[in-house]
Amino acid sequence: MELFIQQLVSGISIGAIYSLLAVGYALVYSVYNFTNWAFDAFMAFGAFIAFTSISSLFLPFWAAGAISIVLTIILAVSAEKLAYSPLRARKAPRLFMMISAMGVNLAIVNIINLIYGGTFRKFPVDALQPIFIGNVSIGRTDLVAGGISFVVLALLWAFLYRTRWGLGVRASSIDILTASLMGINNNGVAIVVFTLTGILSSVAGIFYGIKYAVYPMMGMVTIKAMIASIVGGLGSLPAAIVGSMILGILETMVSGYISSTYRDLFSFLFLIVILLFFPNGLMGKSVEEKL
Amino acid sequence: MGYLIAIVILCGINIVAALGVAILTGYTGLFTIGHAGFMALGGYMSAIMVKELNVPYPLALLIGGAFAGICSFIIGYPAFRSRLRGDYFAIATLGFSEAIRLLLNNTRGLGQSLQDSTSSFGQGASSLLIKLGGAFGYMNLPNVTNVWVVVVTVALAMFFAHMYVTSQYGKNSIAISQDEVAAEMMGVNLLKTKLISLFISAFYAGVAGGLLGFYFAYLSPSLFTITKSSDLLAAVVFGGIQSLIGPFITAFVLIGVPELLRTFAEWRLIIYGFLFVIVMIFRPQGLLGYVEMNFSFLGRWWNAIFRRKHTPSQKG
């Protein structure tokens with residue numbers, strides 16, 4: 001029973017990190033209708049900036065986090081300006097957008113690899129003592145990572161549903177052309193969306209780095225976020241969060257009770273099973289192509 | 001000389017796999033970043049065929065390809081049936097190839113855990129899995145892939161790919177890549193066409209994996225990483241959408257040039273990344289996008305030579 005509760009808490013915390021990633025994808029996808037493949041590179045970038053600020057510049061954790069968020073926002077917005085916006089202006093097909101994003105991803109990840117090398121690094125924060133409730137030990141990093149992730153998600157929700165800018169983003173996600181006819185500044189929305197992307201990826205990167213390790217290919221974990229959003233149901237933020245939670249808990253249960261080696265295999269099998277029995281995901285609406 | 005031949009062999013093997021990606025990504029418009037997984041499946045299967053069952057080498061390559069093709073349905077059927085959009089299909093292929101790599105990395109452990117089983121099937125599976133060697137690699141394969149095998153395979157692969165894309169199925173694939181809804185309204189069976197295209201694509205990758213194994217004389221999961229998939233995708237993106245000759249040329253250049261310039265190895269993927277963006281912005285159709293392979297110039301040359309020979313005699 002103790003093991004079960006420990007795994008559950010750990011699963012919720014990793015699920016919260018997956019939620020940040022899944023929401024980051026869904027945000028760009030809902031507005032611009034393409035998957036921002038570079039997202040995982042932003043995540044690795046954010047984690048490495050924070051890592052360097054702490055290990056080389058000896059900054060406190062909060063300052064490193066702030067620097068990482070700001071630089072990742074700059075990276076995300078400049079990727080949008082340099083690689084996506086010219087294509088969008090030309091109304092290029094989605095495949096071209098994806099390839100361009102993939103290029104950004106390849107370039108950033110491999111630049112990080114060139115600078116730091118491919119080794120796994122421990123994120124330089126002091127290991128926090130776990131909290132004991134009875135016999136159950138709960139990692140404080142899990143609590144912090146999960147808690148802050150939920151706060152970020154709540155702030156994102158408040159931004160999208162309680163501010164004028166959020167209204168602009170939501171309007172653009174329904175129909176970007178009509179939204180711009182109604183006086184919504186398209187370029188402004190692009191900057192807002194990619195700023196949010198930068199924040200989400202940086203926070204997710206830092207916490208993933210603390211929980212596991214910092215390495216150039218750490219962005220591969222965003223596959224999990226994709227799987228989670230397919231499992232939950234495409235095209236809605238709550239479904240992405242539910243899918244992430246289910247996947248996070250499933251993974252920690254598998255690594256706790258079966259074998260951590262086959263954790264990724266299980267999440268992939270889970271995806272196939274879900275697709276076979278729930279073709280639209282657990283909470284998804286029927287996916288019909290818009291004419 | 002041996003070094004150059006080695007490069008030609010590696011280029012040829014990658015051309016076969018890149019043609020597979022061209023059929024799927026270039027012609028059917030389905031983005032894949034997991035073809036290394038299909039290469040691994042085909043490679044291991046044909047290696048098992050030759051080494052454990054003494055199947056002749058060319059037949060083993062075909063069996064490996066067919067095995068990769070059939071395995072592609074595991075991912076293809078659920079994904080296409082649920083109309084997974086392009087990007088999510090790409091993720092599914094990536095997940096598939098990572099799962100394959102994970103399994104191959106751990107065959108030793110799997111085999112050892114099966115060792116206690118009493119059934120003869122369990123025993124056989126266990127000894128086979130241990131022989132596959134996990135992350136260490138499947139060793140001592142016959143070293144039978146030589147330059148002629150590769151040249152013949154590339155020629156056949158090119159020929160059949162050309163036949164496919166100019167056939168009715170190929171036209172259906174192109175229609176799907178242009179507009180799925182319109183294609184379906186014109187009576188194209190989306191699921192069937194996509195599955196056929198995926199099967200052929202995985203078949204090509206599987207054959208390429210087999211060739212690779214019998215060239216290196218060993219197979220290890222580290223040969224089939226995401227970098228491999230990115231290389232293949234890069235060949236198709238730079239070579240051009242809806243073109244076979246484009247990926248053919250770029251696969252040759254992209255594999256051959258880094259082999260010759262080993263010192264720039266770590267810069268290669270960075271340059272690819274920037275090139276992806278630059279190509280998409282300035283020449284999105286790729287180097288030879290929408291250029292069909294065309295041998296009519298051979299006929300023209302033949303006619304030109306033929307006529308020149310005969311024109312004087314006619315005058316005379």
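## Chain A: fold and size

Helices and strands here are DSSP runs, a helix having at least four residues and a strand at least two, numbered from the N terminus. On that basis, chain A of this predicted model reads α-α-α-α-β-β-α-α-α-α-α-α-α along the sequence. That gives eleven helices and two strands.

The radius of gyration of chain A is 19 Å, close to the 19 Å that the globule rule gives for 291 residues, so chain A is as compact as a globular protein of that length. Along the principal axes, its C-alpha atoms fill a box of roughly 60 × 50 × 35 Å. Of the 291 residues, 49% count as buried. Take the contacts in chain A with a separation of 6 or more: residues 24 or more positions apart account for 75% of them.

## Chain A: helices α9 and α11

How do these two helices pack? Two packed helices are described by the angle between their axes and the distance between the axes. For α9 (residues 222-232) and α11 (residues 263-277) of chain A, the angle is about 25° and the axes are 10 Å apart. Angles under 35 degrees count as roughly parallel. α9(A) and α11(A) are therefore roughly parallel to each other. Their crossing is left-handed.

On the α9(A) side, the contact is made by K224(A), I227(A), I230(A) and V231(A). On the α11(A) side, S267(A), L271(A) and I274(A) take part. By class, this contact has five nonpolar, one polar and one charged residues.

## Chain A: helices α5 and α6

The second pair is α5 (residues 140-162) and α6 (residues 164-174) of chain A. Their axes come within 5 Å and cross at roughly 80°. Angles of 65 to 115 degrees count as roughly perpendicular. That makes α5(A) roughly perpendicular to α6(A).

Which residues meet here? From α5(A) come F159(A), L160(A), Y161(A) and R162(A). From α6(A) come G166(A), V169(A) and R170(A). The residues of this contact divide into four nonpolar, one polar and two charged.

## Chain A: residue I258

I258(A) sits in the loop between α10 (237-257) and α11 of chain A. Is I258(A) buried or exposed? I258(A) has 11 C-beta neighbours inside 10 Å, so I258(A) counts as exposed.

I258(A) and T178(A) are 80 residues apart along the chain. Their C-alpha atoms are separated by 52 Å.

## Chain B: fold and size

Chain B has 14 helices and zero strands. Its pattern along the sequence is α-α-α-α-α-α-α-α-α-α-α-α-α-α. With 316 residues, a compact globule would have a radius of gyration near 20 Å; chain B has 21 Å, which agrees.

The C-alpha atoms of chain B fill a box of roughly 85 × 50 × 40 Å, taken along the principal axes. Of its 316 residues, 50% count as buried. Among contacts in chain B between residues at least 6 apart in sequence, 78% join residues at least 24 apart.

## Chain B: residue A235

A235(B) lies in helix α11 of chain B. The cut-off for a buried residue is 20 or more other C-beta atoms within 10 Å of its own. A235(B) has 27 other C-beta atoms within 10 Å, so A235(B) is buried.

What does A235(B) touch, leaving aside its neighbours within four places in sequence? The contacts are A18(B), P247(B), T250(B), A251(B) and L254(B). L114(B) is 121 residues from A235(B) in sequence. In space, the two are 41 Å apart, C-alpha to C-alpha.

## Where the chains meet

In the interface, 37 residues of chain B are in contact with 37 residues of chain A. On the chain B side, α3 (57-81), α4 (86-105), α9 (180-185), α11 (226-239) and α13 (265-282) each supply at least two residues. The largest share comes from α4(B), with twelve residues.

Technical notes: Residues numbered from 1 in each chain as written. Chains lettered and ligands numbered in written order. Predicted model: local features only at pLDDT ≥ 70, side-chain atom pairs only at ≥ 80, totals over all residues. Axes fitted to C-alpha atoms, helices over the stretch in contact; angles between N-to-C directions. Parallel < 35°, antiparallel > 145°, perpendicular 65-115°, else oblique. Left-handed = near helix turned anticlockwise from the far one by under 90°. Contact = placed C-beta atoms within 7 Å. Nonpolar A, V, L, I, M, F, W, Y, C, P; charged D, E, K, R; others polar. Rg over C-alpha atoms; globule rule 2.2 N^0.38 Å. Buried ≥ 20, exposed ≤ 12 C-beta atoms within 10 Å, placed from the backbone.
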